[in-house]
Amino acid sequence: MVAYNIENPAKAKGGVRNYFTLEITTSALCDLNCTYCFEGEKVDKARLDNDLPTIFKRIDSILEDKEWFQAKYDGLNISLWGGEPTLNPKFIIDLMNQYREHDNIDFHLYTNAFNMHNMKKIIDNVDMSKLHVQVSYDGRAVNDNYRLMKNKKASSNQVINNLYELANLGINVSMKATLPIDSMDSLYKCWEDYHDIQKLLWKVSKNININYSPTIDYITKFSLDEKKDAVKVFRSEFLKIAKREIEFYRENGRYLCSWFGGEDNRKHCSAGYNMAAIDQRGNLYACHGAIYSKHKDELAYSDIHDEEFVQKISAYTKKFEEPLKKIHKDCQDCVATTCMICPVASHEKSEKTDFFAKWTDNWVNELCGFFKAFGEIDRAVQKHLFALHAETDEEYRNREMANGM
Ligand code: SF4
Ligand code: SF4
């Protein structure tokens, strides 16, 4: 989910600079065998290694485009996607080194952090200040069931060791978890595991801060009744987490789970508008999710061999601007404070006919129950923390006055 705020682009990238994201698939292969993975069994082994000069040409054309890119964006974020992107380290090294001197390009690596050998090759050969590493790890209770090695054994221990090693190498990572619908009873345990990992990483440096950022699995099919039952479990698990988050916030001035924090998190995904993705064959889509859609062919809108590549991106992204600004009344009035509904999934499931009606048909995913249940808990946490805070301030002032007079 890339949820930049399209109404206020200055908020993108933590309020600092506004970047366009170009995702590039370095290899569709993976070294793990996650059971919920949407990439499927029949992986297309094609790679873009021989097309790197063409990719450079297309990236240059984006950077040079005055009317769209330079007018709207401060820079380009190149996100390395897979499969497992680190299975093609040379591609990553060559690409990053080509743009080593460009201050307006940074890189993002999605990785399962399983293969430290390849990871170190990358670390040793690129400017790591330009690379942000995002590790997929679900929390042991889910990870040990779903994120399996090829031999069907659990991968958690190896990934945690690698996280520790990366921390010791000075690499600050962010983390992302998948939360399967049938694993809601593991939610609190996953939060606790993240808490333990945070404490482990603090032993290396107090400046390493990770978040538990779950994405509810929207690929695996469940019936509406199964989802309704899962919402009940989700609610009771998040109530337990909420108590711990209040303590965590008091101690650290932030939440461990990135979902907490009020309405500002409720941005819908703006894929298509400020991002594009290139698959392992060089075709261009709104985002990596489109690469796995049943409607993949219909969603591809250009490819790296197209001489009008940049004009096509500019025209395609422009089409998303107005439709994405329209927030449906049900969403405006909604209690949810975090909402992460995937437009590609909506587009695939919706029975509507118009493209944007499908793209923004959030409700076909039947996930609102989770976000609404969480919204109620989050609002209660905010009220508790900040109402108490105000009371403490007042008490403090009263004490000061009593002492001073
Ligand atoms: S469209 Fe879906 S897969 Fe693509 S960035 Fe948004 S949430 Fe993620
Ligand atoms: S939970 Fe549903 S209704 Fe609420 S903001 Fe998200 S999509 Fe809209």
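Q: In this predicted model, which residue's side chain meets that of R281 in a salt bridge?
A: The model is predicted, and the distance from N to O in this salt bridge is 2.7 Å. A salt bridge requires a side-chain nitrogen of Lys or Arg within 4 Å of a carboxyl oxygen of Asp or Glu. The side chain that meets R281 in this way belongs to D44.

Q: How many residues apart in sequence are the parts that the pair of R281 and D44 ties together?
A: R281 lies in the loop between β7 and β8. D44 lies in the loop between β1 (19–27) and α2. The pair therefore ties together parts whose separation in sequence is 237 residues.

Q: Is Q280 buried or exposed?
A: Q280 lies in the loop between β7 (275–278) and β8 (283–285). Leaving aside neighbours within four places in sequence, Q280 is in contact with several residues, including D44, R47 and I291. The relative accessible area of Q280 is 9%, and the limit for a buried residue is under 20%. Q280 is therefore buried.

Q: Which residues are joined with R244 into one network by salt bridges that share partners?
A: The side chains of R244 and E192 meet in a salt bridge, at 3.3 Å from N to O. R244 is in helix α9 (residues 224–252) and E192 is in helix α8 (residues 187–204), 52 residues apart. E192 is partly exposed, with a relative accessible area of 32%. Through salt bridges that share partners, R244 is joined into one network with E192 and E247.

Q: What separates K325 and E322 along helix α12?
A: The side chains of K325 and E322 meet in a salt bridge, at 3.9 Å from N to O. Both residues belong to helix α12 (residues 309–325) and are three residues apart. Their separation is therefore about one helical turn.

Q: What is the arrangement of the rings of F56 and Y99?
A: A pair of aromatic rings is described by the distance of the centres and the angle of the planes. The ring centres of F56 and Y99 are 5.9 Å apart, and their planes stand at 80°. Planes over 60 degrees apart count as edge-to-face. The pair of F56 and Y99 is therefore edge-to-face.

Q: What is the arrangement of the rings of W81 and Y292?
A: W81 is in strand β2 (residues 75–82), and Y292 is in the loop between α10 (288–291) and α11 (296–299). The ring centres of W81 and Y292 are 6.5 Å apart and the planes are at 55°.

Q: Which residues have the most contacts inside the largest nonpolar core?
A: In soluble globular proteins, nonpolar side chains tend to be buried together. The largest nonpolar core of this model has 121 residues. F234 touches, among others, L179, W259 and F374, not counting residues up to four places away in sequence. The residues with the most contacts inside this core are I59, L95 and F234.

Conventions: Residues are numbered from 1 along each chain as its sequence is written. Chains are lettered from A and ligands numbered from 1 in the order in which they are written. This is a predicted model: local features need pLDDT of at least 70, side-chain atom pairs count only at pLDDT 80 or more; totals for chains, interfaces and linings use all residues. Side-chain values use heavy atoms; hydrogens and water are left out. Helices (H or I, at least four residues) and strands (E, at least two) are DSSP runs, numbered from the N terminus. Buried means under 20% relative accessible area, exposed over 50%, partly exposed in between (1.4 Å probe, protein chains only). Contact means heavy atoms within 4.5 Å. Rings of Phe, Tyr and Trp (its six-membered ring) pair if their centres lie within 6.5 Å; planes under 30 degrees apart count as stacked, over 60 as edge-to-face and the rest as tilted. A nonpolar core is a set of buried Ala, Val, Leu, Ile, Met, Phe, Trp, Tyr and Cys residues joined through side-chain atoms within 4.5 Å.
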